[in-house]
Amino acid sequence: MLDIKKFLFSVLMICFLYAAYPQTDQVPDTEIVNNAINRGDCETLFNFVQNPEGKNQALINSANQALRRYTTIDTTVTRYRTNRMEGRIRNVGNELTENVFLDPRTYLPDVVTRLMLNLNDPFLKVKVINDWICDNIAYDVDHYFGRRYNSQDYVSVLRNKKGVCSGYAALFYEMCRLGAVQEVRV
C-alpha cells in the first residue's frame, strides 16, 4: 500500500510540475500572428482575435488590421480587370509569333520587347504577358491526365504551344524576366 501512495504522489508531482512550467514547444502569440499575416491565413487571424483574453492588444490590433486588408476589395487593380485581352498582344505580328514557336530562345526577347513597348506600368506589363500566353498557349490535357509527358520548360511549352501549370509558370517567369517586370505588390 505504501508503494501505491509513493507512486500516486510521484504522478501528482509530475502533473504539478508540468502545469507550473510553460512548455518550450509552444509557439508564442507573436510568431503565430506574424506567420499568419505573412501567409495570408485569415482563419488563424480570425480565431486569434475572437479570444482576446490575456493577449497582447498590439498583436490583436495587427491581426485585425491584416484581416481588414485581406478582406477588403482592392480598388487599385480594378481598372486592370477588363474581362478582355489587351489589344497590344496583336502588335506582335504573325511572323514574329510563328518564329517564337520555332526558335523560342532567339525570338522570345523580341516578342517581349514588342509587348512592352512604351509600357511603364508594372501591373499592365503583367496583364499583357498573361494575355499573350493565354492567347497563344493551350492547356495540355494529355499531359495533365498522364497520357503523354511533355517537358514544361518555357522553350518546350512554346515549341509545343501547350503546357500545364508549371509550363505556364515557367513561360510567364521568363517573359517577366525579359520584360524587366519587377515584383508587383498589391
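Trainee: How many helices and strands does the protein have?
Mentor: In this predicted model, the protein has 10 helices and 2 strands.

Trainee: And what pattern do they follow along the sequence?
Mentor: Reading along the sequence, you get α-α-α-α-α-α-α-β-α-α-β-α.

Trainee: Okay, what about the inside? Which residues have the most contacts inside the largest nonpolar core?
Mentor: Those are Leu108, Val111, Leu115, Trp132, Leu158, Leu171 and Met175. That core has 27 residues.

Trainee: Which elements give two or more residues to this core?
Mentor: Five helices are listed: H5 (94–102), H6 (104–116), H7 (122–136), H9 (154–160) and H10 (165–178).

Trainee: I'd like to zoom in on Trp132. What does Trp132 touch?
Mentor: Leaving aside residues up to four places away in sequence, Trp132 touches Ile89, Val92, Val100, Phe101, Val111, Leu115, Leu158 and Met175. Val111, Leu115, Leu158 and Met175 are also among the residues with the most contacts inside the core.

Trainee: Which residues does the second core include?
Mentor: The second core is separate and has 11 residues, among them Ala36, Leu45, Val49 and Ala63.

Trainee: Back to H10. Which of its residues are buried?
Mentor: In H10, the buried ones are Gly167, Leu171, Glu174, Met175 and Cys176.

Trainee: What do those buried residues pack against?
Mentor: They pack against H6, H7 and H9.

Trainee: How far apart are the end C-alpha atoms of H10?
Mentor: They are 20 Å apart. H10 has 14 residues, so at 1.5 Å a residue it should span 20 Å, and the two values agree.

Trainee: What comes just after H10?
Mentor: Ala180 is found there, and it takes a positive phi of about 55 degrees.

Trainee: Switching to the surface: which residues form the nonpolar patch?
Mentor: Tyr139, Val141, Tyr144 and Phe145 form it, and together they have about 430 Å² of accessible area.

Trainee: Where is Tyr139 found?
Mentor: Tyr139 lies in strand S1, which covers residues 138–139.

Trainee: Why does Tyr139 count as partly exposed?
Mentor: Because its relative accessibility is 35%, and partly exposed covers the range between the buried cut-off, under 20%, and the exposed one, over 50%.

Trainee: Last topic, the whole protein. What share of the residues is buried?
Mentor: Buried residues make up 30% of the 186 residues. The accessible surface comes to about 13000 Å², and 54% of that belongs to carbon and sulfur atoms.

Trainee: And what share of the contacts links residues 24 or more positions apart?
Mentor: Among contacts with a separation of 6 or more, such residues account for 60%.

Key:
Residues numbered from 1 in each chain as written. Predicted model: local features only at pLDDT ≥ 70, side-chain atom pairs only at ≥ 80, totals over all residues. Heavy atoms only, no water. Core = buried A, V, L, I, M, F, W, Y, C linked by side-chain atoms within 4.5 Å. Buried < 20%, exposed > 50% of the residue type's maximum accessible area, 1.4 Å probe, protein only. Helix = DSSP H or I, 4+ residues; strand = E, 2+ residues; numbered from the N terminus. Contact = heavy atoms within 4.5 Å. Expected span 1.5 Å × (residues − 1). Patch = residues over 30% accessible without salt bridge, like charges linked within 9 Å, V, L, I, M, F, W, Y side chains within 5 Å. Areas by Shrake-Rupley, 256 points an atom, 1.4 Å probe, with all protein chains shown as cover. Salt bridge = Lys/Arg side-chain N within 4 Å of Asp/Glu carboxyl O.
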